[in-house]
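Please open the model in a viewer and keep a selection tool at hand. The stops below say what to select and what is there.

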Amino acid sequence: EDLEKATHTNPKVIDARAHAVIDYLTAGGFLALGYAMLGRHSRAAAFAFVNGASVLTLSMLTDYPGGLFRTLSFKTHGTIDTMLAAMCAGGPAVLGFAGDAEAQYFHGQALVETGVIAATDWNSF
C-alpha cells in the first residue's frame with residue numbers, strides 16, 4: 001500500500017509478467033558484468049555478482065510469472081526491489097570505488113531500477 005501511494009502519480013505500464021522478464025534480464029546483466037570485470041576490478045566484479053544473485057534469488061522466490069518457488073508476494077517483491085536499488089546505488093561508495101568508472105554502471109542501473117519500480121503495477125498479479 002505504501003509503495004502504491006508513493007508512486008500513484010506515475011503511469012503503471014509494467015505488469016507482473018513484464019516485470020519478471022525485466023528482473024531476469026537484470027540478473028543476467030549483473031552476472032555478465034561481474035564476469036567482464038573479473039581480473040580488472042575485483043570489488044566491482046564481486047558487487048555485480050552479489051547484485052545478480054540477489055535479483056535472481058528474489059525473482060525465483062516471487063509469486064509471479066517466472067517465479068519458481070513462489071514464496072514472496074509480488075508486492076513484497078516490490079519492497080525488496082526498492083532495497084536492492086538502494087544497495088546498487090550505495091554499494092560503490094560502501095565498497096570504496098564510487099570514484100572509479102565502474103561505479104557508473106551501478107549508479108545507472110539503480111536509476112533504471114527506480115524507474116521500473118515506479119512504473120510497475122504492483123496489483124497486476
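Select Arg-70. At 38% relative accessibility, Arg-70 counts as partly exposed, because buried means under 20% relative accessible area, exposed means over 50%, and partly exposed lies in between (1.4 Å probe, protein chains only). This is a predicted model, in which local features need pLDDT of at least 70 and side-chain atom pairs count only at pLDDT 80 or more, while totals for chains, interfaces and linings use all residues. Residues are numbered from 1 along each chain as its sequence is written, and side-chain values use heavy atoms, with hydrogens and water left out.

Stay on Arg-70 and look at the backbone. Arg-70 sits in the loop between helix 3 (42-61) and helix 4 (74-94). Helices here are DSSP runs of H or I with at least four residues, strands are runs of E with at least two, and both are numbered from the N terminus. Although Arg-70 is not a glycine, its phi is positive, at about 50°.

Which residue forms a salt bridge with Asp-63? The partner is Arg-70, and the closest N and O atoms of the pair are 3.1 Å apart. A salt bridge is counted when a side-chain nitrogen of Lys or Arg is within 4 Å of a carboxyl oxygen of Asp or Glu. Asp-63 has 32% relative accessibility and therefore counts as partly exposed. The structure holds one salt bridge.

Next, select Leu-68, in the loop between helix 3 and helix 4. Is Leu-68 buried or exposed? With 58% relative accessibility, Leu-68 counts as exposed.

Move to Glu-113, in helix 5 (residues 103-119). Glu-113 is buried yet has no salt bridge. For charges, Lys and Arg count as positive and Asp and Glu as negative, while His and the chain ends are not counted.

What surrounds Glu-113, leaving aside its neighbours within four places in sequence? Select Thr-26, Phe-30, Leu-84, Ala-85 and Cys-88: Glu-113 is in contact with these residues. Contact means heavy atoms within 4.5 Å.

Then select Ser-42, which is found in helix 3. Ser-42 is exposed, with a relative accessible area of 59%. Draw a distance from Ser-42 to Ala-119: the two are 77 residues apart in sequence, and their C-alpha atoms are 33 Å apart in space.

Finally, clear the selection and view the whole protein. How many helices and strands are there? The protein has five helices and zero strands, and its pattern along the sequence reads α-α-α-α-α. The C-alpha trace spans about 40 × 30 × 20 Å along its principal axes. For 125 residues, a compact globule would have a radius of gyration near 14 Å, and the 15 Å of the protein agrees with that. This radius is taken over C-alpha atoms, and the globule rule is 2.2 Å times the number of residues to the power 0.38.

Of the 125 residues, 39% are buried. Among contacts between residues at least 6 apart in sequence, 67% join residues at least 24 apart.
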